[in-house]
Protein chains: 2
Amino acid sequence: METSHTLQLLTTLFLIFAAAKIAAEIFERFKQPAVAGEILAGIVIGPAVLNWVQPSDITTALAEIGVILLMFAVGLETNPRSILAVGKTATSVAVIGVIIPFILCAGAIWLCPPLLGQPVPAIEAIFVGATAVATSVGITARVLADLNVLSHKASRIILAAAVIDDILALLILAMVSSLAQTGGINWLRLGFTVLTALGFMAVVIFAGQRVVQKVGPKLQKMRMRDPLFLCAITLCFGLAWVSEYIGIAAIIGAFLAGMVLADLSDQSHLLHKTESAVNLMLPFFLVNIGMQVHLDSLAHPGTIAAALLITVLAVLGKYLGGYLAARKQPGRIPAQVGMGMVPRGEVGIVAAQLGLALGAINQRIFAVVLFMAVATTLIAPPFLRRLFAGETDAATDETPLLRVE
Amino acid sequence: METSHTLQLLTTLFLIFAAAKIAAEIFERFKQPAVAGEILAGIVIGPAVLNWVQPSDITTALAEIGVILLMFAVGLETNPRSILAVGKTATSVAVIGVIIPFILCAGAIWLCPPLLGQPVPAIEAIFVGATAVATSVGITARVLADLNVLSHKASRIILAAAVIDDILALLILAMVSSLAQTGGINWLRLGFTVLTALGFMAVVIFAGQRVVQKVGPKLQKMRMRDPLFLCAITLCFGLAWVSEYIGIAAIIGAFLAGMVLADLSDQSHLLHKTESAVNLMLPFFLVNIGMQVHLDSLAHPGTIAAALLITVLAVLGKYLGGYLAARKQPGRIPAQVGMGMVPRGEVGIVAAQLGLALGAINQRIFAVVLFMAVATTLIAPPFLRRLFAGETDAATDETPLLRVE
């Protein structure tokens, strides 16, 4: 009726959804991960190739809802105790996995100005390092769920490490942004953010579970339609909002909301309903990552070389960090953990956009970082699939994502 | 991470969802329809009262997705034969229900300039008539589904009439817009739109079902996750897009997509998954209607009087039209049909926005029409509830919307 606006929205919805599902089907047939296919679908229909759909406020919002629901569903399958049990290993995976890629990527940008045809200021190198630290837990979580290995020890280490790593990345980003804006770091404010984040997580995990155990069974007495699912979604949006408000990422709040509900007796009922919502919204998240790519900003050969170099270092840095920190774990766990931390995805993209907005990095470095963020999300899934081969159960439509015990 | 944008989105998501669910719960406790509660929640948190959330491109997009999914779910429960069986009655309900409110509302605006303190040009009166003709099938469908009476004959007449009525309303709107823009009507183009719309519906209903019966069972062999649900959603977005493209509303395409799948053996499985998606997205549609209201544009007593007058005429006109056209039906059916056609909701709002954009109506008339559109969606549900009382089955969370046989 109000033609142009609605029609444009519908074109976007249909093209993104159809392209994502066609790509997912093709990739699965060739035994490749659907996640990589859906990101590639975004590159193909987005500005990089066909330019049928462009990223907009609306695609970004749908993407955000998609990843929030995904992390909520992953949280629903994650028992808090199972996460606390791997806390020590996960913390070192996160810390070492932040330090190594930061040094490698910042160092490379700083030491290799010839590739970019211009000297690179220290702040720019530091910003690139910062964009290289945050794992995109969304991508890995989806691959692990698709492989039905969310209950494995390696998966639990990855999930816990990715949450800690996200918080570390946000702190580093806050430091670097403040450095770029004012030339200094407000340690007091930073310390306050750390304390707020830790306090929030502790309150949610320890108090939240008790409240849920008491309130949960009473929800079914409510009169509204489907009270359990709709109250759960309200909690998910609510904690995502609080997380973002106090300076940690929305997806952490969504993950915590899920985790708090993981012990509920109706958990499987809830998980089934959430999965439909995830399946509906997640394609927008994956396709939106691919749509960020602009091939023309990589046209300069030096830029391509720099992008490849940074990508290799970003992969190696995370892989080594994870591998070293988890080296005492048996079997393939060190390699699984290392590879599981590799995808940067939307977190790296958001950090790069912030750097560009602050004037801390230029367009060319932005293209380099964007390339790295998308490439790492495409590289990791096939390796993860191989590393978990033989450990996976046959996933059928009726089996929900596995439960973490 | 990219603070302001994401935080604003999360605030919007959380406030809309929480307000809608709190209102739904309160209304259900007082035996009032949840739909009315959720629209009122939008008035309360929107610009009219608290101004915590404002309508934006994003809320509009989420609202659109919500109503598309709702109409898809309603279609899933609607057997095409059951609709064709009531075709004759439904057509006269639609036609008479378009003529009477058009004449009443356009006539009132034209004859009562004193209320608005200025003479009203004929085109403005005609536009008001046009905004008064289109039933918001979304609101009625949700109320009928909540009451578990979608299978009743009255419900089938209402659904079929609302689809026809939507097409008539779009044709009238196209005529009126062209009249406002060029002073004349392009009959050739209008005839082309009518033929395209009828052809599209015929092809989808007759050919679509056969294709689905053949292709449907093969979908489960696909490798992607949850192939049936995701292919169904792709079909839904696809037909919604085509409908909008050829000039009929997106929700008609979504409804047809659902109807084509209604005979599938996995229909109940599909309906369950779709319901979760509807429950997630529909609050955005209902709250968004309420958020359109600005009380200050009604501040002039003449405007309020005109708004009340137009609302009364809009209600009476639709009720009488439906009642007269269905008068040969037994029992309470004529009254149920009449009341079921009353809500105007988003269709009236969109028509009014178009009129404002074209300069065909002024701000004051816009406020009048907006009031009418929202008021009719609030008035109808409690009456519908009463009119269907005693004919409803107990709805539980686990019972899907009833099947139309």
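Author: Let's go to the loop between helix 2 (34–45) and helix 3 (57–76) of chain A, where you'll find Asn51(A). Keep in mind as we go that this is a predicted model. Asn51(A) has a phi near 60°, which is positive even though the residue isn't a glycine. Most residues other than glycine have a negative phi. Asn51(A) also counts as exposed, because it has 11 C-beta neighbours inside 10 Å, and the cut-off for exposed is 12 or fewer.

Helix 3 of chain A packs against helix 12 (residues 250–261) of chain A at an angle of about 30°, and the two axes are 6 Å apart. The crossing of helix 3 of chain A with helix 12 of chain A is right-handed. On the helix 3 side, the residues making the contact include Val67(A), Ile68(A), Met71(A) and Phe72(A), and on the helix 12 side they include Ala250(A), Ile251(A), Ala254(A) and Phe255(A). Sorted by class, this contact between helix 3 and helix 12 of chain A has 15 nonpolar residues, 2 polar ones and no charged ones.

Still in chain A, have a look at helix 9 (residues 153–182). With 30 residues at 1.5 Å each, helix 9 of chain A should span 44 Å, and its end C-alpha atoms are 43 Å apart, so the two figures agree. Of those 30 residues, 22 are buried, so helix 9 of chain A is largely enclosed by the rest of the structure. Just after helix 9 of chain A comes Gly183(A), with a positive phi of about 80°.

Over in chain B there's another loop worth a visit. Asp226(B) lies in the loop between helix 10 and helix 11 of chain B. Its phi is near 50°, again a positive value in a residue other than glycine.

The axes of helix 10 (residues 187–219) and helix 11 (residues 227–245) of chain B come within 12 Å and cross at roughly 165°. That angle is why helix 10 of chain B is roughly antiparallel to helix 11 of chain B. Phe200(B), Val204(B) and Leu219(B) make the contact from helix 10, while Pro227(B), Leu228(B), Cys231(B), Leu239(B) and Val242(B) make it from helix 11. By class, the contact of these two helices of chain B has 8 nonpolar residues, with no polar and no charged ones.

Gly97(B) counts as buried because it has 32 C-beta neighbours inside 10 Å. Leaving aside neighbours within four places in sequence, its contacts include Ala161(B), Asp165(B), Lys318(B) and Met341(B). The C-alpha atoms of Gly97(B) and Val133(B) are 7.3 Å apart, although 36 residues separate the two along the chain.

Last, see how the two chains meet: 52 residues of chain B are in contact with 52 residues of chain A. On the chain B side, the largest share, 14 residues, comes from helix 1 of chain B. That side of chain B has 31 nonpolar, 7 polar and 14 charged residues.

Technical notes. Residues are numbered from 1 along each chain as its sequence is written. Chains are lettered from A and ligands numbered from 1 in the order in which they are written. This is a predicted model: local features need pLDDT of at least 70, side-chain atom pairs count only at pLDDT 80 or more; totals for chains, interfaces and linings use all residues. Axes are lines fitted to C-alpha atoms, for helices over the stretch in contact, and angles run from 0 to 180 degrees between N-to-C directions. Helices (H or I, at least four residues) and strands (E, at least two) are DSSP runs, numbered from the N terminus. Angles under 35 degrees count as roughly parallel, over 145 as roughly antiparallel, 65 to 115 as roughly perpendicular and the rest as oblique. Two residues are in contact if their C-beta atoms, placed from the backbone, lie within 7 Å. Ala, Val, Leu, Ile, Met, Phe, Trp, Tyr, Cys and Pro count as nonpolar, Asp, Glu, Lys and Arg as charged, and the others, Gly among them, as polar. The expected span of a helix is 1.5 Å times one less than its number of residues. A residue is buried if 20 or more other C-beta atoms lie within 10 Å of its own, exposed if 12 or fewer, and partly exposed in between; C-beta atoms are placed from the backbone. A crossing is left-handed if the near helix is turned anticlockwise from the far one by less than a right angle, and right-handed if clockwise.
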